[in-house]
Structures are given as C-alpha cells and as structure tokens.
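Visitor: I would like to learn how to read a fold from its strands and its overall dimensions. Can we take one feature at a time?

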Amino acid sequence: MSDEIEKVVIIGSGPAGHTAAVYAARANLNPLMFEGFMAGGVAAGGQLTTTTEVENYPGFPEGVDGTELMDRMRKQSTRFGTRIHTETVESIDLSKRPFRVKSTDREVLAQTVIITTGATAKRLFIKGEDRLWQAGISACAVCDGALPIYRQKVLIVVGGGDTAVEEATHLTKFGSKVVVVHRRNELRASKIMQKRLLDNPKVEMMWDSAVEEALGDKALTAVRVKNLKTGAVTDVAAGGLFYAIGHVPNTAFLAGQLTLDETGYIVTKPGTTQTSVEGCFAAGDVQDKQWRQAVTAAGTGCMAALEAERFIHEHH
Ligand code: FAD
Ligand code: NDP
C-alpha cells in the first residue's frame, strides 16, 4: 500500500459517482474512483447501462442511450483528471483517519470517501425474462413507462409496496389498463396511496397471484399468472411487465460501519450527504429509496463533492 493519502476516494460509477468526480476534479482534489467490476451485478456506469433510451435526463431533447450517457459522464470525469480503477471495493475502514479503502487489487488511504454504490432492482428470474428484458419487461416504470412500446397496452405491475402502487398509478397515464399482480391479498403500501390506486378505474388487481412466465418472441405479448390459492394459471395479454418488488442497496461491504436504515440504505443527515461518520459522504440511490432517478443521483453527487471539499478545507 502506498503512503500517499488521497483527498477524495469515490466508490461507485453511476450518475452520482461521476458527478461527484467532475466537481471534485474541477476543485483540484484529484479524485480517485473505484468504478466496480460487475459490482452488485451491474456493469461500471451503473443502472443506466441496463436500459435503452433515457428520455428524462436534461440536455438530451431526443433522448439518449443509457450506456452512451454513462460513457459521456465517464469521459467528463477523466477529462478533468479523475483517475479510475475498474475494481470493486471489498472493504473499508472508517474507524480511524485516514480512512482505508480496500479493493480487489489494492488498498488506499483517504481523507474523505464518497459512497455512490447504488442499489440493484430485484428481479424475478422467470422464464422468458432474459429474452424480453427491456423488450416489454422493466424494473422502472417512472423511467420507461412513457416509451411508445407501452402506449395503450395492458401493463402489469408486480408487487404490493409503495413503489408498486406509485408505479401502477403512474402507468395509468400510458396504458389502456394496469393490472397489479400481488402475492398476498393485501397491499403493503401506505393506506393513502392504496386508496388512490384502488379508486382508479383503469386499475385491476390480481390478488394471491404470482407471475410465472413472460411470453412473446421479440416483444412481450402476454404474462402467465398463477393464482397461489387455487393453482389456476391464466395467460394475460399484456405489452408491459414492470417489477416493483424492491431494491437491494449495495452496502454489504460497509460491514456495519455506517448507520443504515432497516432496509440497508445509508442514512444521511437531511438536506446533506453526510453519513454517521464525519468525512464520509453518500450520494445517489444508495441513500435514496424514494426518488431513484439519474438526475437526483447526479444532484446529490454534486452535493457530496462540495461537502467533501468543505470538510477538507476545515480539517486539513
Ligand atoms: P448506480 O447507477 O446504481 O451505479 C452504482 C455503481 O456502483 C454501479 O456501477 C455498481 O456496479 C458500482 N458499485 C456497487 N458496489 C460497488 C463497490 N463495492 N465497489 C465499486 N463499485 C461499486 N433514471 C432516470 O432518471 N431515467 C431513466 O430513464 C432511468 N431508467 C432506468 C432504467 C432501468 C432499467 C433502471 C434499473 C434504472 C433506471 N433509472 C433511470 C434509475 C437510474 O438508473 C438510477 O436512479 C441511477 O443510476 C442511480 O445512480 P447512482 O449513481 O446512485 O448508482
Ligand atoms: P417493499 O419492500 O416495501 O415492497 C416490495 C413488494 O414486493 C412487497 O409487496 C412484496 O410482497 C413484493 N415482493 C417482494 N419480493 C417479491 C417476489 N419475489 N415476488 C413477488 N412479490 C415480491 O419495496 P418498495 O420498493 O415498494 O419500497 C421500499 C421502501 O421505499 C419502503 O419503505 C417504501 O415505503 C418506500 N417508498 C416510499 C415511497 C413514497 O413514500 N412515495 C415511494 C416508493 C417507496 P409482500 O408485501 O408480500 O412482502
């Protein structure tokens, strides 16, 4: 391990990580990024590399391919001098200063650490899912719902939490009908959001049910649904299948050193990116289970870099 102490180490390479890198680099903090190597099952560049068209990121009126957007962000980071290792961070020691960050290939010392490791949407891994992923199957209705392939089609949402209810309500703007398939006979979502959903005439519920297979050759045409009480199997003709069964934040490598909420997300002080350890900041989906958008991730990435800069000025 080198004795050199990095000013800013960024872990993760989605919109939050690269925005933090651009700001830190332009502030002459010479940031070092660990972009991950298929960390959390996602390629370097993050969740947007798993999608096609991104239509709601400002500055791209015609839309932009998710992977291209992330390539551009990476170029912007390196243009200002960010050094990037394509390695996954395996552990971190925040118990003493400087902090220690250990990846698959090296260990570095750091004055500040910015964690932007994101969250991974849970998938069902049903038959047909790999073939039809992003060809009718999505894990983000807010991102993809407005795409032409979903217009005036029957859209199926799986899940019964706040995300499922919010996404199903959102999809009623685009689909001819929205069918919510839930494995139990009551929703987990908050009562007020449930009411909004159940009062919507475009919404139909399939209780005590599970999706078993996605059907269609090049695009989704139907979904096989099984009633878990009766065992009856129905093929529901549909043009969209949206998973809303939760996300897993990529925080296991922290090994309990930061305060996390009950579902594993990093807790930040409201209105800031400060974690429970001074000098360690968190940005993007790893600390946000509500908005989960590229632009909000980028916004908090900017905040984290500015807060790290202020911390370094005050403490070093
Ligand atoms: P992520 O994008 O999750 O990136 C985190 C990165 O960190 C990953 O590359 C991961 O491999 C890496 N990493 C994880 N652990 C480690 C580790 N230990 N060491 C090193 N690296 C690590 N949002 C929109 O605004 N518009 C859209 O159209 C849109 N479409 C979407 C489509 C899909 C299919 C999905 C899944 C999401 C979509 N989103 C969209 C949401 C958006 O992608 C996320 O909100 C955003 O990417 C979050 O950015 P992030 O920087 O927090 O983390
Ligand atoms: P949740 O974990 O709350 O809900 C996941 C849902 O998916 C549950 O209904 C669960 O069923 C179901 N599910 C999980 N795994 C499977 C599976 N393998 N097969 C079928 N169904 C499955 O996740 P959310 O993303 O909905 O919410 C996460 C957190 O974010 C919550 O705290 C939520 O309150 C918050 N949130 C708040 C919002 C808001 O206030 N506007 C918006 C979005 C999220 P079961 O109920 O049977 O366990």
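Visitor: Which residue in strand 13 does Val179 stand opposite?

Guide: This is a predicted model. In general, strands of a sheet pair through backbone hydrogen bonds, in either a parallel or an antiparallel sense. Here, Val179 stands opposite Glu204 of strand 13. Strand 12, residues 177-181, pairs with strand 13 over four bridges in the parallel sense.

Visitor: In what order do the strands of the open sheet come?

Guide: The order is 10-17-11-12-13, five strands with parallel pairing. Strand 10 (137-138) and strand 13 (203-206) are the edge strands, each pairing on one side only.

Visitor: How many helices and strands does the secondary structure of the chain come to?

Guide: There are seven helices and 19 strands. The radius of gyration is 21 Å, close to the 20 Å from the globule rule for 316 residues, so the chain is as compact as a globular protein of that length. The C-alpha trace spans about 65 × 40 × 35 Å along its principal axes.

Visitor: What share of the residues is buried?

Guide: Buried here means under 20% relative accessible area. Of the 316 residues in the chain, 52% are buried. Among contacts with a separation of 6 or more, 60% join residues 24 or more positions apart.

Visitor: What about the surface and the charges?

Guide: The accessible surface is about 15,100 Å², and carbon and sulfur atoms hold 52% of that area. The chain has 35 positive and 37 negative charges, whose mean positions are 3 Å apart.

Technical notes:
Residues are numbered from 1 along each chain as its sequence is written. Chains are lettered from A and ligands numbered from 1 in the order in which they are written. This is a predicted model: local features need pLDDT of at least 70, side-chain atom pairs count only at pLDDT 80 or more; totals for chains, interfaces and linings use all residues. Side-chain values use heavy atoms; hydrogens and water are left out. Helices (H or I, at least four residues) and strands (E, at least two) are DSSP runs, numbered from the N terminus. The radius of gyration is taken over C-alpha atoms; the globule rule is 2.2 Å times the number of residues to the power 0.38. Buried means under 20% relative accessible area, exposed over 50%, partly exposed in between (1.4 Å probe, protein chains only). Contact means heavy atoms within 4.5 Å. Accessible areas come from the Shrake-Rupley method with a 1.4 Å probe; for residues, only the protein chains shown count as cover. Lys and Arg count as positive and Asp and Glu as negative; His and the chain ends are not counted. The place of a charge is taken as NZ of Lys, CZ of Arg, CG of Asp or CD of Glu. Two strands pair if DSSP finds at least two bridges between them.
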